[in-house]
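Subject: Structure handover

Hello,

Please find the structure below. My notes on it follow.

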Amino acid sequence: MIDLAPGSATIEFKASPGELFLLPGPLDLFGLTSELTVEGLELLDLVPGNFGPQRAVVARATCSAPSARYDWMRTDEKRDQSWLWHPPEHALSRASPGLAHHVSRLVAGLDEAGQERAVIAHAASSFRYGHGKGRFTDGTSAVPVLSCGVTRGSCVDIHTYAVAALRSAGLPAAYVAGVFWPEGETTANDMHCWIATGLEGGRYWDLSHDIIVGRKPQPDLLARPGRRLPLSIGRGLHFMWQGHEVEISHFALPHRLSADGAFEVPAQLFLGGSAA
């Protein structure tokens, strides 16, 4: 697998003292090992998830402006990452019969590299980049096929679709949730996502950035230069806390824990240290 560059990120958010939060746990991934340090948070537990070695940190806020710092360092230790390509069954990672059928026609007669390129090209041509109310997957039990017209979608929509389509063809693909800072910037106000694929030793694709700049998809993450750091893999992750299963759609930002589940909270993400 191609390595990502090491670095640090500080996530700051608002809280009421005593509130409980879930944060992505440290993870060894893509040639990096990570550490987590916190301020204004009392660490209570490190709970397992349902996808590979991923875990969530349970923490209680002790102030109104807590923060979490992730440090990613290069590691030479080789770890088995085959789990990346086998996510648990979930509506946001499973291709609908219509999508699977469409993809099977796209890849017929092609070798694996050709299949990957064909599916990636289909996904990129199916979207125009944009944000708005609702997602194309709302109310569905599997990722639906987009075979007529162009659909508005964010990085989340585009890469969810691409990963489900690739996996329906038997191609190794994973949804990566993390942070991206455009070149020259050190502050972000939202998460970002991209794709890892397993062919040719491992490659990364960012179709949302390719669409934004209007170029043909390429596995180089250079459509919009900048820095990116990974925080989790997959959609619809589940974590167990005190006998209750908590689902998180994708896991990069802190989530407030309540009796009704876990809910993402607004945050600022600083490359390196905080703005203070």
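How exposed is Glu42, in terms of relative accessible area? Glu42 is partly exposed, with a relative accessible area of 38%. Here buried means under 20% relative accessible area, exposed means over 50%, and partly exposed is in between, with a 1.4 Å probe and protein chains only.

Before the rest, the conventions. This is a predicted model, in which local features need pLDDT of at least 70 and side-chain atom pairs count only at pLDDT 80 or more, while totals for chains, interfaces and linings use all residues. Residues are numbered from 1 along each chain as its sequence is written, and side-chain values use heavy atoms, with hydrogens and water left out.

Salt bridges

A salt bridge is a side-chain nitrogen of Lys or Arg within 4 Å of a carboxyl oxygen of Asp or Glu. The whole structure has 11 salt bridges.

Glu42 is part of one of them: its partner is Arg60, and the closest N and O atoms are 3.3 Å apart. This pair links distant parts of the chain, since Glu42 is in strand 4 (residues 41-48) and Arg60 is in strand 5 (residues 55-61), 18 residues apart. Arg60 counts as partly exposed at 31% relative accessibility. Strands (E, at least two residues) and helices (H or I, at least four) are DSSP runs, numbered from the N terminus.

Arg256 and Glu19 form another salt bridge through their side chains, at 3.0 Å from N to O. Arg256 lies in strand 16 (residues 255-258) and Glu19 in the loop between strand 1 and strand 2, so this pair ties together parts that are 237 residues apart in sequence. Arg256 is partly exposed at 29% relative accessibility, and Glu19 is partly exposed at 22%.

Asp71 and Arg69 also meet in a salt bridge, 3.1 Å from N to O. A network of salt bridges with shared partners joins Glu116, Glu200 and Arg203.

Five strands form an open sheet in the order 3-6-1-18-10, with antiparallel pairing. Its edge strands are strand 3 (32-39) and strand 10 (187-188), each of which pairs on one side only. Two strands pair if DSSP finds at least two bridges between them. Strand 1 (residues 7-13) and strand 6 (residues 67-74) are antiparallel and share six bridges; in this pairing Ser8 stands opposite Asp71 of strand 6.

Leu271 belongs to strand 18 (residues 267-271). Leu271 is partly exposed, at 24% relative accessible area. What does Leu271 touch, apart from residues up to four places away in sequence? Its contacts (heavy atoms within 4.5 Å) are Ser8, Trp181, Glu185, Thr186 and Arg227. Leu271 and Asp71 are 200 residues apart along the chain, and their C-alpha atoms are separated by 10 Å.

A hairpin and two positive phi values

Strand 14 (residues 237-241) and strand 15 (residues 244-248) pair in the antiparallel sense over five bridges. Trp241 is placed opposite His244 of strand 15. The hairpin has two residues between the strands, and Gln242 takes a positive phi near 50 degrees there. Gln242 is exposed, with a relative accessible area of 62%.

Most residues other than glycine have a negative phi. Phe30, which is not a glycine, has a positive phi of about 55 degrees. Phe30 sits in the loop between strand 2 (20-24) and strand 3, and at 0% relative accessibility Phe30 counts as buried.

Cysteines

How many disulfides are there? The count is zero, with a disulfide taken as a pair of cysteine sulfur atoms within 2.5 Å. The sulfur of Cys193 has its closest cysteine sulfur in Cys155, at 3.5 Å, which is too far for a bond. Cys193 is buried at 0% relative accessibility, whereas Cys63 is partly exposed at 25%.

Surface patch

Tyr129, Ile212 and Val213 make a nonpolar surface patch of about 230 Å². Patches are made of residues with over 30% relative accessible area and no salt bridge, with like charges joined within 9 Å and nonpolar side chains (Val, Leu, Ile, Met, Phe, Trp, Tyr) within 5 Å. Accessible areas come from the Shrake-Rupley method with a 1.4 Å probe, and for residues only the protein chains shown count as cover. Val213 is in helix 4 (residues 207-213) and is partly exposed at 42% relative accessibility.

Regards
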